[in-house]
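Please open the model in a viewer and follow the stops below in order. Each stop names a selection and then describes what is found there.

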Amino acid sequence: MSMHLYEMSSRLIGETVGKVPENLTSVVLAACLITLFLGYVSKLLLSQSWDKDAKFPPYIPSSVPFLGHAISFGKSPIEFLENAYAKYGPVFSFTMAGSTFTYLLGSEAATLMFNSKNEDLNAEDVYSRLTTPVFGKGVAYDVPNPVFLEQKKMLKTGLNIARFKEHVKIIEAETIQYFQRWGDGGERNLFEALSELIILTASSCLHGKEIRSMLDERVAQLYADLDGGFSHAAWLLPGWLPLPSFRKRDRAHTEIKNIFFKVIQKRRRSGEKVDDILQTLIDATYKDGKPLSDNEIAGMLIGLLLAGQHTSSTTSAWMGFFLARDRALQERCYAEQKAVCGEDLPPLNLDQLKDLSLLERCLKETLRLRPPIMTMMRMARSPQTVAGYTIPVGHQVCVSPTVNHRLCDTWEQRMEFKPDRYLNDNPAAGEKFAYVPFGAGRHRCIGENFAYVQIKTIWSTLLRMYDFELVDGYFPTINYTTMIHTPHNPVIRYKRRRQ
Ligand code: HEM
């Protein structure tokens, strides 16, 4: 549900405006430059009022005015942060496109973010401009955090064990059906396939039968247009700009909401009590007894789908490549299924899924090395003290799971994919925030259990169907240009398994 970094660079602005007619291009360019410039100037003015005695975090200087480190960070954010950690320690600041970012690296420094109050380190200030046009008004970062916390609680009630039991069956069936098109063997884009599959499984499980049955190509395109709202352009540029992608996003938002409204109203009228998340939301009330409006329910349904979409599809794809690279590990996972479920591999169930502990460790290790949310961010609304430094108001305070998950002082053989590390006493176990793929504190993810059920079911089913290997030994490099770090050229080789 959160998003991460925005590679602020002239290249990006150029890309964005390059898609609109020329006269509009200059308007857009002028508008965004003015906006960014005003932000920059106001930051400078704000900096004048800082407490003169305060010791600020070490600042990484840059000779490039305004853009600062945007380009080097954008090219390779993890390398940038690791180098800065080695040179400056766990807390440091730098500027990108007029904004100052302060990173808190390592478990101890991250404590500041995870234990903070939303009034001090605020999530809405950084996320809302991206999420509100997509999810809509009245939910998530568009409402005061206590309201969002109540909404999260309602969603969590809907994500329960009884439902997960049904979800395993649904996901297994969807996976078998989807992968029929892959035939007996070949080379295909794994990430693309998993992204398509995960919209289907998430819609079935999180939206219910009525909405899933409407998911045809047209609706899939609407989701894609809506999802296009999670872009660097939306992050950087004012929402009122007449960019084609913004218009598509807004149109898709209205159309999807209209579809959901019809389903919600039909369900309300029928009086039928279906056991699914939609029903949980229809029946839910806030602490003051007020029920959710149709608009809030529709926004929460959009949020549920999109929060898990990129996170789960990217994680599933990376997991596939880790398994394809280590064929012995893949075989161990397959053997584990036979040992847990039986030689004839009957349909999966939740109890068996839980017992697939090697597969679970593979997922855990994938989330360590490729956590989809690379950075969590908050806006400092009040001065914050950490490690003897004062972080001033206006800094964007960040924690990076990716960096925490591979710090050399914490993790042994840190870059190795070693699922069995969790069987032993691992050094990170003593550090509360050394492993945080789902965040922590008041903004912690509510989708972790569902994500585990979904990804484990998909991979259990796929390992029953196919043997996977890398294409000519190519393990995908990381595509840093997408907001979630996806695999580059994610083609995998597969062959039907003889049972
Ligand atoms: C592999 C899958 C997933 C990963 C790695 C993941 C990761 C995260 C992270 C890191 C956060 C914290 C963001 C922050 O502190 O700024 C978060 C929050 C959240 N996630 Fe997930 N997520 C995943 C799947 C899901 C799914 C499937 C759902 C819904 C069904 C979901 C719903 C949410 C919600 C509602 C929040 C709360 C945001 C807040 O309170 O500010 N996530 N997730």
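Contact, as used on this tour, means heavy atoms within 4.5 Å. The structure shown is a predicted model.

**A pair of helices**

Begin by selecting α11 (residues 217-227) together with α13 (residues 244-270), whose axes come within 8 Å and cross at roughly 130°.

On the α11 side, select Arg218, Val219, Leu222, Tyr223, Asp225 and Leu226. They meet a set of residues in α13, including Lys248, Arg249, Ala252 and His253, and also Glu255, Ile256, Ile259 and Phe260. Sorted by class, the contact comprises eight nonpolar, one polar and five charged residues.

**The iron atom**

Which residue is the protein donor of the iron atom of the ligand? Select Cys445: its SG atom, at 2.3 Å, is the only protein donor of that iron. Cys445 is placed in the loop between α19 (401-404) and α20 (448-465).

**Two residues with positive phi**

Remain in the loop between α19 and α20 and select Gln413, which also lies there. Gln413 is not a glycine, yet it has a positive phi of about 40°.

Finally, move to the loop between α6 (124-135) and α7 (145-158) and select Ala140. The phi of Ala140 is likewise positive, near 50°, in a residue other than glycine. Is Ala140 buried or exposed? With a relative accessible area of 4%, Ala140 is buried, since the term applies under 20%.

Terms used:
Residues are numbered from 1 along each chain as its sequence is written. This is a predicted model: local features need pLDDT of at least 70, side-chain atom pairs count only at pLDDT 80 or more; totals for chains, interfaces and linings use all residues. Side-chain values use heavy atoms; hydrogens and water are left out. Donors are N, O and S atoms within 2.8 Å of the metal (3.2 Å for Na, K and Ca); water is not among the atoms, so sites may look incomplete. Helices (H or I, at least four residues) and strands (E, at least two) are DSSP runs, numbered from the N terminus. Buried means under 20% relative accessible area, exposed over 50%, partly exposed in between (1.4 Å probe, protein chains only). Axes are lines fitted to C-alpha atoms, for helices over the stretch in contact, and angles run from 0 to 180 degrees between N-to-C directions. Ala, Val, Leu, Ile, Met, Phe, Trp, Tyr, Cys and Pro count as nonpolar, Asp, Glu, Lys and Arg as charged, and the others, Gly among them, as polar.
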